[in-house]
Structure formats: C-alpha cells, structure tokens
Amino acid sequence: MSSDNILLEVKNLKKYFPVHKGILRRVVAHVKAVDGVDMYIRGGETLGLVGESGCGKTTTGRAILRLIEPTAGEILFRSKKLAGPGEEYKEVAIASAPRKLLKSLRRDMQIIFQDPYSSLNPRMTVGAIVGESLLVHDMAKGSEREDRVREVLAAVGMKPEHMKRYPHEFSGGQRQRIAIARALALGPQLIVADEPVSALDVSIQAQVINLLEDLQREFGLTYLFIAHDLSVIKHISNRVAVMYLGKIVELAKTEELFSNPKHPYTEALMSAVPVPDPDYTLEEIILMGDVPSPVNPPSGCYFHPRCRYAQEICKTEAPAYRDLGGKHFVTCHFADSLNLQPVLAG
C-alpha cells in the first residue's frame, strides 16, 4: 500500500456463493457476486459505488468489512486505533485477520444498513441500540456510556429523551439517524453506507445526505457510499466506481466521470437519470436484454451482449482494467475512441 493517504485498498476481491443441487447438496456452480474488484479509498474522502440492483455493490461492502467471508483477494486497512507505540498506523490484512484482531478492527470500520426498519432491534431502546457496541468493546460503562450515547445522538440531530424510546416510535428518517449514531459510537475511521437513503422520502434523503457530509467534516470520516441513484452519488462523492456484474467497469473523480464517461455502461446509467432542465435534450439509451446471470457470465467483456458499441473482440477477449490517465480507470477495449455523451455534466 502506498503512502498516498490511502486508508483502504482492495485487490482482486472475489465473493462466490455455491449453488447446491440434489439430495446430497453437491456444489454444481457458483454465483460470482463479486468477481475481481480493485479499488482504494483515501482517508477523509467519499468513494461512491454505483450500479444496477444485483451487480454486487452490497456484497462488496460486506466482504470488505468481513461481515461475509471473501472467497479471494486482499483487503488492506490502515488502523490508527491498533497502532503501537511510535507507530502512526497499523496495516491490517482484513481477509486473513484472526477473529480477535477483527473484533478490535470493528472500532475503526462500521456500516449503515439500507433499511432503517429491519436494522434496529425493536425490543431495545435507542440508548441500548446506540450504546451496545460500547459494551461489546468494553469502552464505556454506566454514566460514561450514557454520556457518549447522548453525544452521538446530539451529533445526528436527536434529543437526549429519545434514549428511552423504542424504534417503532420514530419515522424512517429518524430511525436512519439512530443507525448513523450507532455507527459513530465507537469513533470509526471508515463507514460503509449501504444505500442509506434509498428507503427514505426525497426531502428526508437530502437531510440525511447533508448530515453525513457534516459528520464527515466534523469527525474526519471516510465513506464507501453505495447507491443506485447517480444524482445522490454525484452530490456526495469525491470519486465514483461503476459496477457491473461483479466487476468495476469504470472509476474516476466525480467531475471527470460525469463530464467524460468512458464506459458504455456508465453512459447508459446516466441517460436514465432525469435532468431538471427543459432545454437539455438527451438520448435515452435502452439497454437490450436482461442482466446476464452471475452463475454463467458471458465470455469476453461481461457487458458486450447489451453494448451498442460491441465488436468481435468484445465477445472473446476480456478488456483489461487500465488507467487512461489522471487515475481514470476503465475496462473497455474502445474507451480511447468512443465519444460518449456526458448526460449529467454541468
């Protein structure tokens, strides 16, 4: 891992789920949910991860945190809390970390789940939900724990009296604020935000996104922000990774990606987003066919059956994941020659 302020680095990450068949439950195939992901996140930035439903975004986020076990690949994380005397940080190989070390690492890496209704225990009070991790890690007890819970609840716009209430007494937006407070309780460096606003009303989405940005500035947080809404991704992200069928097909700075897309799939995603300008005409790109099965992905470029620019080489040869310059990575044979429309530029 280089010294370019990189907090997390992922190399060739894979997660395959076995497909069982018959009485003996033999493994006959694998669902390639994540199939060789490479990316990094710098400290203090937000990396947006975007793509269609089922492309592997959530699985990627959970595999990085080892909420599910990765099949292969490296996940390197620089932990400040685990650093020893005289060390600025300790580099941890998450994929191979023993459980004791992994538990300690949880203080540095937290997650905000998509559904604010199912992610909170209905039998626990808000104070117990937010403070549970403090007990698990033996970081605070009694009045000290209550003070920390009040502190993080105040940071997300909740009141001290909310500590004694239960999740069913709150709206969806308030529940998501509680989930954010829970993620903040241990003072993490990295938060994986797994579509944290997709289940909320549009007006509440804006409030939660602004809250996440404020918290990032206040606490120096780093986000892996998973979403399928490109408008949200454009607003909150410093860089954006576009995912298709378990692979990253394009990764670049936000401004560069939206003004100069280089992958046909990125162009198609952008064309599906409404632009609030009646004078702005755009070509809506309709992708032909369905998303291929991750059990039996296409040969060559995974996107070629739906790509309007596909040529013979795309059917037989997988494109390399390469840097076009300026840290603009893409997997497309013809990225240098295609003139794609920047639908959301400006």
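The questions and answers below concern salt bridges in a predicted model.

Visitor: How many salt bridges does a search of the whole structure find?
Guide: Side chains of opposite charge can pair when their charged atoms come close. The search covers the whole structure, and its count of salt bridges is 14.

Visitor: What separation along helix α4 do glutamate 146 and arginine 150 have?
Guide: The side chains of glutamate 146 and arginine 150 form a salt bridge at 3.5 Å, N to O. Both residues lie in helix α4, which spans residues 142–155. Because they are 4 residues apart there, the separation is about one helical turn.

Visitor: Which residues are linked in a network of salt bridges?
Guide: Glutamate 146 has a relative accessible area of 38% and is partly exposed. Arginine 150 is also partly exposed, at 34%. Together with Asp147 they are linked in a network, whose members are Glu146, Asp147 and Arg150.

Visitor: Is glutamate 267 buried or exposed?
Guide: Glutamate 267 and arginine 308 meet through their side chains in a salt bridge of 3.6 Å, N to O. This pair links distant parts of the chain, 41 residues apart, with glutamate 267 in helix α9 and arginine 308 in the loop between α9 and α10. Arginine 308 is partly exposed at 44% relative accessibility. The relative accessible area of glutamate 267 is 2%, and since buried means under 20%, glutamate 267 is buried.

Visitor: Are aspartate 138 and lysine 141 buried or exposed?
Guide: A salt bridge joins the side chains of aspartate 138 and lysine 141 at 3.5 Å, N to O. As for accessibility, both aspartate 138 and lysine 141 are exposed.

Definitions and conventions: Residues numbered from 1 in each chain as written. Predicted model: local features only at pLDDT ≥ 70, side-chain atom pairs only at ≥ 80, totals over all residues. Heavy atoms only, no water. Salt bridge = Lys/Arg side-chain N within 4 Å of Asp/Glu carboxyl O. Buried < 20%, exposed > 50% of the residue type's maximum accessible area, 1.4 Å probe, protein only. Helix = DSSP H or I, 4+ residues; strand = E, 2+ residues; numbered from the N terminus.
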